[in-house]
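Subject: Structure handover

Hello,

Here is the structure I promised to pass on. Please open it alongside this note. My findings follow below.

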Amino acid sequence: MANSGIQLLGFFLSLIGIVGLIIGTILPQWKMSAYIGDNIITAVAMYQGLWMSCAFQSTGQLQCKIYDSILQLDSSLQATRALMIVGIIVSIAGLGVACMGMKCTTCGGSDRLRKARIAMTGGIILLVGGLCAIVACSWFAHNVIRAFYNPYTPVNTKFEFGAAIFIAWGGSLLDVLGGAMLAASCPRKKQVSKYPAIGSSRSGPPSSTKEYV
C-alpha cells in the first residue's frame, strides 16, 4: 500500500513538473530588462524568451515578435531550446511508461514484479528528462549572469532573470523528484534460502522401536 502511494505521489509530481516545463518553455519572460545605474526609464519593459521577444509598455500594451530565423539566434539559445524540447518529450514518454507499470493501473500485465520494473524504468526516463531541463535552465541563467557582470555590456542592454525561468526550474525539479520516487518504488526480490531449515533437518520420523525388559 505504501509502495502504491509513493508511485501515485511521484506520478502527480512528475505530471505537475511537465506542465511547468511546458508553460516555462512557452512564456517569453526568461529574462527581463534590468533597471540599474542611471537607467531609470521604466516606460517600456523588455522581455526575451526562447521563441520571442516582447515589449511591455506602461499603458498596458504588450507587443511580441517571434524570432524570424533560427540561424540568426545565439548558439546558447539554440542549445537551450533543444534541451528543453528534449526534456519535455523524454519526460512525457517516461510518464507514459511509468503509468503502465503503476499498481493502480491494469495495463502492463498482472505480474507485480514486472509492473514494478516498468514503473522503475519510467522513473529513470523521467530523471533523464528533468536533468535535461535543469541543464538548459542553468546554462541560460549562467549566460544571463555573465552578460550582466560583463563591464563591456551597455547598461541599457543588461537583463536579469524573468518569471519563466523560475517556472521551468521548478518544473524540472518536480520532474526529477517524481522520477526518483517512481524509480525507488521497485520492490526487492525475496531471497530464498538454498538450505533447509535447521529444525526440519534435525527432526526425523518418530522412533518405532520399543524397549523390552
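Where does UniProt place the feature "transmembrane region"? The unreviewed UniProt entry puts it at residues 6-27, 39-59, 79-98, 118-141 and 161-184. UniProt positions are in the numbering used here, feature names are shortened, and annotations may be inferred rather than shown by experiment.

Some ground rules. This is a predicted model: local features need pLDDT of at least 70, side-chain atom pairs count only at pLDDT 80 or more, and totals for chains, interfaces and linings use all residues. Residues are numbered from 1 along each chain as its sequence is written, and side-chain values use heavy atoms, with hydrogens and water left out.

Overall layout

The protein has five helices and five strands. Helices (H or I, at least four residues) and strands (E, at least two) are DSSP runs, numbered from the N terminus. The order along the sequence is α-β-β-β-β-α-α-β-α-α. Of the 213 residues, 35% are buried. Buried means under 20% relative accessible area, exposed over 50%, and partly exposed in between (1.4 Å probe, protein chains only). Take the contacts with a separation of 6 or more: 66% of them join residues 24 or more positions apart. Contact means heavy atoms within 4.5 Å.

Residues 79-98 are 100% helix and 0% strand. Their end C-alpha atoms lie 28 Å apart. Residues 161-184 are 88% helix and 4% strand. There the end C-alpha atoms are 34 Å apart.

Arginine 81

Please look at this one. Arginine 81 sits in helix α2 (residues 75-101). Its relative accessible area is 9%, so arginine 81 counts as buried. Yet arginine 81 has no salt bridge (a side-chain nitrogen of Lys or Arg within 4 Å of a carboxyl oxygen of Asp or Glu). The nearest side chain of opposite charge is aspartate 68, 9.8 Å away. For charge, Lys and Arg count as positive and Asp and Glu as negative; His and the chain ends are not counted. Leaving out residues up to four places away in sequence, arginine 81 touches Leu50, Trp51, Tyr67, Ile70 and Leu73. Tryptophan 51 is 30 residues from arginine 81 in sequence, and the two C-alpha atoms are 8.4 Å apart.

Cysteines

The whole structure holds one disulfide (a pair of cysteine sulfur atoms within 2.5 Å). It joins cysteine 54 to cysteine 64, S to S 2.0 Å. The pair links distant parts of the chain, ten residues apart: cysteine 54 in strand β3 (residues 52-57) and cysteine 64 in strand β4 (residues 62-66). The link of cysteine 54 and cysteine 64 is right-handed, with 110 degrees about the S-S bond. Cysteine 54 is buried at 2% relative accessibility, whereas cysteine 64 is partly exposed at 42%. Cysteine 99 is partly exposed at 28%. Cysteine 132 is buried, at 19%.

Nonpolar cores

A nonpolar core is a set of buried Ala, Val, Leu, Ile, Met, Phe, Trp, Tyr and Cys residues joined through side-chain atoms within 4.5 Å. The largest has 17 residues. Trp30, Leu50, Leu77, Met84, Cys137, Phe140 and Ile165 touch the most other members. Helices α2, α3 (112-148) and α4 (163-183) each supply at least two residues of this core. α3 gives the most, with six. Another core, of seven residues, lies apart from it; Phe11, Leu95, Leu126 and Leu182 are among them.

Best wishes
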